[in-house]
Amino acid sequence: MAPSSAEADAAASSSGRLLVLYASQTGNAMDAAERVGREAERGGCPAVDVLSMDSFDPSRLPSERFVVFVVSTTGQGDPPDSMKGFWRYLLRKDLDRQWLEGIHHAVFGLGDSGYQKYNFAAKKLDRRLLHLGAEPVLEIGLGDDQHPSGYEGALDPWLLSMWKSLNEINPSLLPRVSDINDSNLSILGHPKVHVIYYSSNEVPQDPILSDPSKIISSARSMSPALRFHADGEPPYMLQMVKNKRLTKEGSDRDVRRFELEDPSSAISYKIGDALEILPSQNPSAVDAFIERCNLDPDCYITIGVRSGDKVSKGSVVHSQMDRIKLRTFVALTMDVASASPRRYFFEVMSFFATSEREKERLQYFASPEGRDDLYQYNQKESRTVLEVLEDFPSVQMPFEWLVQLTPPLKKRAFSISSSPLAHPNQIHLTVSIVAWVTPFKRTRRGLCSTWLAGLNPNKAVVATLLSTDQNTTTYPLSHYACVQTFLSRVGYTKDPLPPPRPMVPLVLIGPGTGCAPFRAFVEERAAQSAAEPTAPVLFFFGCRNQDNDFLYKDFWLTHAQDEGVLSSKKGGGLFVAFSRDQPQKVYVQHKIKEQSSIVWNLLLSDAVIYIAGSSTKMPADVTAALEEVICKEGGVKQADASKWLRDLERAGRLNIETWS
């Protein structure tokens, strides 16, 4: 399909425009895309449009001339939700190799090299654009969360190269290209949000204001930063009925089992599902933030999104039901005491610093030259928004900017460790309590895991659930957490692991807290075996020491005995690697290779492989071990073994769930 004459005319009119399309799941790609737009405007670009992919008609792509794509990768190499419709259109068979002829494009991806399908969505998009005839301005840029400076470590040099190349292609597109990186010419525009304030006297009391789930939904739907964090249905109440430490007291790792319960009814979920939790922030941290920013905690607000210099129509609903107390909004939507701000936060701060010394330091942090020092100060120390504001006391940022730039309070996702057949009104979680020491010897703690660990059983917690059954709706499961005035909720999140049928053999590989979903799998298979025939299950577990962190030891050993689902009598097996209990380190991949014959026989019986755990070296090491098993037992070359595993993955017989 070549562009029509009408499209060609439109192309001529857009030759001075730069279109920036982004696909974001958590907001990072949007942040990067907005930076591209700001720099283009600083370089004098006559027209710049920064749009989410799902708000752009892909059929109009041939009428553009200069397009920058900023794309994140989610889950196990999946595109963000906002990219899926756009991507489906690009895959249409009636689009020929000349469809995008004349278009200059650039692609920047945001990913995490700890995952096997690193920047998969961006790489696929770049290849497809080339296949459709688009001409690359420069090579694809690959942002990496593992880089010391995060994705900006790759974005900074990539943007410099892109502006240079675009200027060579069309000098009129960026007539002031040299201004882009001149910090002295930086101008602060308007914030993208607009806040309307109401005194408490102006807001009549309404039943919604005392309904925790309605307050949560109202606050989070009002936050512009949370547009990529759909919370689904309002939360239901769940009680924490057990908070048990699984690792040995005194060991350096604290892993807990949390049991959450709905005492009134059964909970609809499946094994392999994941639960999200919206944690409560420390009330004193919220109060300190509000005091530091000279805000009135008791006033009510509504928030709208600006379009240009105007507030978008319909972005603010002027009813008392949509007004929320400022303190509640901060507590439920703005992560003020655990997340680190981005570089643009420091740039905006510099405009509001009245101390010359602070202004200079902030400008330096916001510059390319100061990137490494900013990393040491900010990311390496896990500096929070509140701490940064306290370090620069002369800065008084308007609340609009704080709403726009403070990282959103995100839900945390945990694999479910229980089977609904065994626990119809409960959900169990296996959670490592996160703590670390910074280079300056400051102890930092994970917000959600620390909050959960501090909850007493039989007080409330909260949750929302996402089912593996794509034909069903999202199931709400949350509850009001009785922790001061805070509301917390739990919800479904990442792509769940598909639950297997009873007669499907299983090879489960889950070192450390990677065992979490497989406790549910084994519970379910045990419940099924009491009523019907079931297939064998192999489970490979790994930890440091048998005495310190053999999670669920009694559970696994019980199911490995007699007629248990992990017993050799049932064709199954339990194989544990204790990496530090002998001079040489032993990991799950070594145990897999030791049991190559039984693994191979199950694979020949159409077994499904599940791998869960850390996203660092483990998945690659386990995959390599499986390839070695296939080579040894199947008598094939390594390349054929790799293809065999890829075919298994495409057929749904190899499933990987990892986390960083």
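The following exercises, with worked solutions, concern a predicted model.

Residues are numbered from 1 along each chain as its sequence is written. Local features need pLDDT of at least 70, side-chain atom pairs count only at pLDDT 80 or more, and totals for chains, interfaces and linings use all residues, while side-chain values use heavy atoms, leaving out hydrogens and water.

**Exercise 1.** Determine whether Arg256 is buried or exposed, and describe its surroundings.

*Solution.* Step 2: Arg256 counts as buried because its relative accessibility is 16% (buried is under 20% relative accessible area, exposed over 50%, partly exposed in between; 1.4 Å probe, protein chains only). Step 3: its side chain makes a polar contact with that of Asp254 at 2.8 Å (N or O atoms within 3.5 Å, one able to donate a hydrogen and the other to accept it; residues adjacent in sequence count only if both atoms are side-chain atoms). Step 4: beyond four places in sequence, Arg256 touches residues including Asn243, Leu429 and Ala453 (heavy atoms within 4.5 Å).

**Exercise 2.** Locate Lys411 and identify the side chain with which its side chain makes a polar contact.

*Solution.* Step 1: Lys411 occupies the loop between α13 and β14 (412-415). Step 2: at 15% relative accessibility, Lys411 is classed as buried. Step 3: the polar partner is the side chain of Glu276, at 2.8 Å. Step 4: the C-alpha atom of Lys411 is 4.3 Å from that of Leu278, 133 residues apart along the chain.

**Exercise 3.** State how many residues of helix α9 are buried, and which elements cover them.

*Solution.* Step 1: eight of the nine residues of α9 (343-351) are buried. Step 2: the covering elements include α2 (28-42), α5 (152-169) and α10 (356-366).

Terms used
Helices (H or I, at least four residues) and strands (E, at least two) are DSSP runs, numbered from the N terminus.
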